[in-house]
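This briefing is for a reader new to the structure shown here. Please look it over before reading the points that follow.

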Amino acid sequence: MARPGSGLLVPLNGLGYPPQNLARVVVWEWLNEHGRWRPYSAAVCHHIENVLKGDARGSVVLGQVDAQLSPYIIDLQSMHQFRQDTGTMRPVQRNFYDPSSAPGKGVVWEWENDNGSWTPYDMEICVTIQNAYEKQHPWLDLTSLGFCYLIDFNSMSQTNRQSQRKRRLRRRMDLAYPLIMGSIPKSQSWPVGASSGQPCSCQQCILVNSTRAASNAILASQRRKLHGGTAGNAGTTGTLTVVRQSNTFAGTSFWSATSSSSGTNNNNISLGGGQAKAEQVQLPLSTANFPCSPVMPSLSSTHGHHTLTINGQNNLNRPGTQRISVGTARGTIPAGVPALPVKNLTGSGPVHPALAGMTGILMCAAGLPVCLTRAPKPILHPPPINKSDMKPVPGINGMRRKTKKKHLRRGKNPEDVVRRYTEKIKVVPDEDCTICMERLVMSSGYEGVLQHKGIKPELVGKLGKCGHMYHLLCLVAMYNNGNKDGSLQCPTCKTIYGEKTGTQPPGKMEYHVIPHCLPGYPDSKTIRIVYDIPAGIQTNEHPNPGKKFSARGFPRHCYLPDSEKGRKVLKLLIMAWDRRLIFTIGTSSTTGESDTVVWNEIHHKTEFGSNLTGHGYPDPNYLDNVLTELSAQGIGEDNLKD
């Protein structure tokens, strides 16, 4: 049914927020790697709010409400999500919406991804789509929100205005997000108020309490340096000015230096920055206690007035966040404060990422000066290269290989293959056949299951190279359950007989030299390999014949140093490509998607200028490791022809 009315162009004035004395809906969100705030589900937000009411300084274990989020913890004091197994930290925020908007009604708008599952839109986009839907607009243009998509409510589809690709979208009802009344809560810091009752016995609080004495000693030392040892003298009066404001900029703390100018010799400490209205609290300096909050102190002295400016993380009363480049922020970090990249420690030191992430939380909570910086992004590709700069690899003919359907292998007689690589045994030893687990002096366990005219169940054969013995009928059964490519692989020692081939789908492989060097190889240019395999239909050699398979991430770019050893590895990789061993069809260990093209146990380096993912350089052992992996596939240096 056509929807009446005209389409809608989204205005650029952003989201409005109700006055302080009205009800509002709370949505907790986390910042992804693309700079987008992604909402938690309504159930998770209810859980966070319940924990917040009980202990505004504590942590939220997300796995208690959603099993898929079991590795994640939200630290309410630092407003960060922490992944326990990897140490990854992401900023979180507490956002507010009108009760009549989509989250207040429990309306969720989702788009269909490539896996056939549904992904929810960002909350601000969801609210915008729901508003247009309720006003019965036939379409909605999201360009002004930064997305080149057109929403068509008649066909319930999303169209990319550049590629014209369409995806289905849907509107579903879910649990409404939590509703709060009254004014937005003031900023929270840890600890909140005076502690009462028995101290918390959780591991995080135990660790924090154990570091508190050390942190107090450090802060006391800073105060003595700040006041020149006169802070405790009689007659000295001072005040502590606390300005409760916070900013969150993609997980990076921002600094600003301030100075005080008053007629008296006051010692001021201010926390905050940004554009929000300040709330000032006057406290006697002699009784002031530094709050445990994720802050970074900066000291300056002007005309005898001492100011400690501390810029904190996101608090609980911000309806939104400002977006400022990290490059600007890093320039304002004072000297002497260590920067802690909590996401990228693998390979850069002996510290486990999870330990580093928790250390960052604890050091911030204890008042120690630590800057949580955004982890550097991997450098996946070299600078742009002209085709004229791409040269053939020395010693290798051509620059590409193709695998077509006509190159797919033809099945060979299993009995002939087994006889080719074995010899009959007249005196059979009294030991087990490791395929059927029956004694070799007995008949094969496949007797009655498989029947071959020339192979009797009691016949035993010995493989020529390794000498391991099996029932011949068991070897036939093993061959029939494998790739049927005319080769055998000993199940005991993995020795390969014949030329092993795989089930790699048709595609092409290109290779050339580019005028850039890899980290760790400053004196060598780089060999770039480009694999490209299109999606298609599975054949009888694949897991699900007749079913479509996907090919994600192609073309895939891989890199080798243009050295003697690097060219040797390339020659063997070309041989592996010709034998269809580089890729196979299976289930992706990264995304969990089935019936897709995946790597086949021969590791490649896909990161050009860094090694943040473990798939880049420098890696002094990589060439030796990949030679070992190729040898395990039956492709060794003895296969190379001079």
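What is the relative accessible area of D114, and is D114 buried or partly exposed? D114 has a relative accessible area of 37% and is partly exposed. The model is a predicted one. The points below cover its salt bridges and one of its helices.

**Salt bridges**

- In the whole structure, a search finds 29 salt bridges.
- R172 and E110 form one of them through their side chains, at 3.0 Å from N to O. R172 belongs to strand β13 (residues 166–173) and E110 to strand β8 (residues 107–112), so the pair ties together parts 62 residues apart in sequence.
- E110 is buried, at 4% relative accessibility, while R172 is partly exposed at 28%.
- The side chains of R167 and D114 also meet in a salt bridge, at 3.1 Å from N to O. R167 is in strand β13 and D114 in the loop between β8 and β9 (118–120), 53 residues apart.
- K547 pairs with D595, their closest N and O atoms being 2.9 Å apart. This pair links distant parts of the chain, 48 residues apart.
- K547 is partly exposed at 44%, whereas D595 is buried at 9%.
- Shared partners join D114, R165, R167, R552 and E593 into one network of salt bridges.

**Helix α9**

- Helix α9 has 15 residues (564–578) and should span 21 Å at 1.5 Å a residue; its end C-alpha atoms are 22 Å apart, which agrees.
- Its buried residues include V569, L570, L573 and W577.
- Among the elements covering the buried residues of α9 are β28 (507–514), β29 (526–532) and α10 (622–632).
- Just after α9, R580 has a positive phi of about 65°.

How values were computed: Residues are numbered from 1 along each chain as its sequence is written. This is a predicted model: local features need pLDDT of at least 70, side-chain atom pairs count only at pLDDT 80 or more; totals for chains, interfaces and linings use all residues. Side-chain values use heavy atoms; hydrogens and water are left out. Helices (H or I, at least four residues) and strands (E, at least two) are DSSP runs, numbered from the N terminus. The expected span of a helix is 1.5 Å times one less than its number of residues. Buried means under 20% relative accessible area, exposed over 50%, partly exposed in between (1.4 Å probe, protein chains only). Contact means heavy atoms within 4.5 Å. A salt bridge is a side-chain nitrogen of Lys or Arg within 4 Å of a carboxyl oxygen of Asp or Glu.
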